[in-house]
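Biologist: Could you walk me through this fold with some questions and answers? I would like to see how each answer is reached.

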Amino acid sequence: MFNFTLLATTTLLALSVSGCAMVSVGSVSSEDYLSARRGDVLTTGQLSASARTALQVVGTNEGRCNTNISECRKLLIASIGISDEQRLSTISELWLQEALQNEEAQKLEPANDALKAATLSAYLESAKHAYAYLFFTGRTPDLRALEDRQAQVRDYYNFSTQQAVVGLFNRYRDQLEQSVSQEKTYLLDFAPWQVSGNTAGISLSHKGQLPNELLAASSLTFKGLRNQYRRDGLGAELVAVFADSVVKREDENKPWSETPFPSVTVMLHFPGNSVESVLEGKRVELQGFDPHRNSSVDVRGIRVPLAANFTSGYGLWLARSGFAQESLLSLIGRSETLDKPRIYLMQPFDPNRRVILMLHGLASSPEAWVNVANEVLGDEELRQNFQIWQVYYPTNLPLPFNNREIREAVNATLKNFDPQGKRRASTEMVLIGHSMGGVLARLMVSNSGDQLWESVLDRYNISEQREERLRQKIEPFVIFDAMPQPTRAIFIAAPHRGTPYAENRFARFVSGLIRLPATVLSRVTEIGQLLVNPNEASNEPLVDSFNSIKNLSDQDPFVRESSKLPISSKVTYHSIMGNDTPGVILEASSDGVVPYASAKLEGAASELVVNSWHSVQETPEAIVEVRRILHEHLNRLQESQR
């Protein structure tokens, strides 16, 4: 007979045992480890584990919150079962989630102003709650320094600040422009918010004007730049755009330009003395910083690092420059904007940082230094002690003309920013020149004496009557002293003694296309007429021989004589060369354009040969060497000050 009692007992026992097994164990893969701990609304689009935990504690969950975020926030505010840190960080994340959802909705309703306003307000609320978490809870930021949650909340603050500031700028630009021009301060009535700020510093003004655009640095990506350099910290990383392009007709009396794309870091402060007063308030104070000068900021007596992006402004400058086309037009004398050298400051002038002056080569532009300059900007110690100036010059001009005019442009720039010449920026300058820029850099640190002038007299049969007139015309170009500011120079693939490449068929063809600016042509014509003996009919036409390509020939008298000039004893110099001729002994090698024998300089403090074509400055090995030399220069200066 079947035992129903035994069956029932067994069944009940099985059910009771399985019912007690409420917890099971599993494992997390290494791939999911970080995403499980650090994923949040910014990185995955889903709420973070910390936020989900807080929601469960107050009796709700992520699914319910997604249908009614407002009610979710009210639950968090009313609950006494969670800490201020849990409450504020979760509410900040929920406001950010709402702002992001609104942005998606705006794509379908781009003209919906109410939706745009709600999005901005949500970003401000997210930033405010993150700010309260960071600075008004029981623990200070240093006590949470290693916690994932604080890093997440910092990102909520930075991203929300970025979006709010850009959005407010776009919304109120016309009002801001009027306020800045009249009072240098502004107050935006963005109901129910009041946003105040002051543009006396760098916050939103540049030379008394507002930028055309404010761009989030995080939204920009660049091809051609190997790395992007930034600094972790607090604040929105922005780029202020003051020009649509770089290459344009400039003021001839002002041969310099401060960067039209400065990097800016912006903080939003929410006034109050307690968590309650901060959260109840609707006032926002905007403060802007130059991240090159400010590395930290004081908030309620707590010193915190300031976020910064050092690459985006530089990358945008190059991307919008138009240099590639303009440099070629300049070479053949067809440029409508570049007929004299210009100095571009890569950051607002800093009197306490020494200058690195970069000179590009023939038919080139500051784009030649794209990764060299960026890697210097990415080196914290170098960035804190140097500022980069890029020389952009017409490469069709003869070497003597560019030598003189670049000197004048550099001196005028220094005099404008440091009239007395006593600040650190006016001393211990470093010159870095590639190719023809290296030849020009060498001329800038050389003393000519009467050597070049006498070589002219020896070469041409100059009568006494013509000699005095010729000297008046030619003296500024052949008699000069080493510039006093540079004390170190780096010559990269520089044809100091010229190159046979300038004599080949293609080079002669391009040379024939070169046209000099009218002002230079008239000066060259005068000099040519004085050099020619009118009684000797066999004289060669000299005017056509005065251009940059012919100057770089190893047969050119000027480059051959100038290579013999002594470099100032105050200058320590270095050589970096390329070698694109494997299997050839070093002394007979070449980078494909410049022979090693032409680039080599006796007395150089160091010499590096890299397996590379002529554009050796872009190789990792050359960039590492440039940084090494700059650190050496900095160390020597620091030792001399002890």
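Modeller: Gladly, and please keep in mind that this is a predicted model. Ask away.

Biologist: Which cysteines does a disulfide join?

Modeller: Two cysteine sulfur atoms count as a disulfide when they lie within 2.5 Å. One disulfide comes out of that rule, with an S to S distance of 1.4 Å. The link is left-handed, at -50° about the S-S bond. The cysteines joined are C65 and C72.

Biologist: Are C65 and C72 buried or exposed?

Modeller: The cut-off to apply here is a relative accessible area under 20% for buried and over 50% for exposed. By that cut-off, C65 and C72 are both buried.

Biologist: Which strands are the edge strands of the open sheet of eight strands?

Modeller: The order to read along is β6-β12-β14-β13-β15-β16-β17-β18, and the pairing is mixed. An edge strand here pairs on one side only. That gives β6 (256-258) and β18 (606-610).

Biologist: What is the bridge partner of L357 in β15?

Modeller: Strand β13, residues 354-359, pairs with strand β15, residues 429-434, in the parallel sense. Four bridges hold that pairing. Within β15, the partner of L357 is L431.

Biologist: And what angle does the direction of helix α15 make with that of β15?

Modeller: Helix α15 covers residues 436-444 and packs on the sheet. The strands it touches are β13, β15 and β16. Its direction and that of β15 make an angle of about 145°.

Biologist: Which residues form the covered face of strand β10?

Modeller: In a regular strand, side chains alternate between the two faces of the sheet. Strand β10 spans residues 302-305, and its uncovered face has R303 and P305. The covered face has I302 and V304.

Biologist: Which residue takes a positive phi in the hairpin of β9 and β10?

Modeller: β9 and β10 pair in the antiparallel sense over four bridges, with D298 opposite R303. Two residues lie between the strands of this hairpin. The one with a positive phi, near 55°, is R300.

Biologist: Why is the pair of F349 and W389 tilted?

Modeller: Planes under 30 degrees apart would be stacked and those over 60 edge-to-face, with the rest tilted. The ring centres of F349 and W389 are 6.3 Å apart. Their planes meet at 50°, so the pair is tilted.

Biologist: Last one: which ring does the charged end of R73 sit over?

Modeller: To sit over a ring, CZ of Arg must be within 6 Å of the ring centre. The charged end of R73 is 3.4 Å from the centre in question. The ring belongs to W95.

Conventions
Residues are numbered from 1 along each chain as its sequence is written. This is a predicted model: local features need pLDDT of at least 70, side-chain atom pairs count only at pLDDT 80 or more; totals for chains, interfaces and linings use all residues. Side-chain values use heavy atoms; hydrogens and water are left out. Buried means under 20% relative accessible area, exposed over 50%, partly exposed in between (1.4 Å probe, protein chains only). Two strands pair if DSSP finds at least two bridges between them. Contact means heavy atoms within 4.5 Å. Axes are lines fitted to C-alpha atoms, for helices over the stretch in contact, and angles run from 0 to 180 degrees between N-to-C directions. Rings of Phe, Tyr and Trp (its six-membered ring) pair if their centres lie within 6.5 Å; planes under 30 degrees apart count as stacked, over 60 as edge-to-face and the rest as tilted. A charge sits over a ring if NZ of Lys or CZ of Arg is within 6 Å of the ring centre and within 35 degrees of the ring normal.
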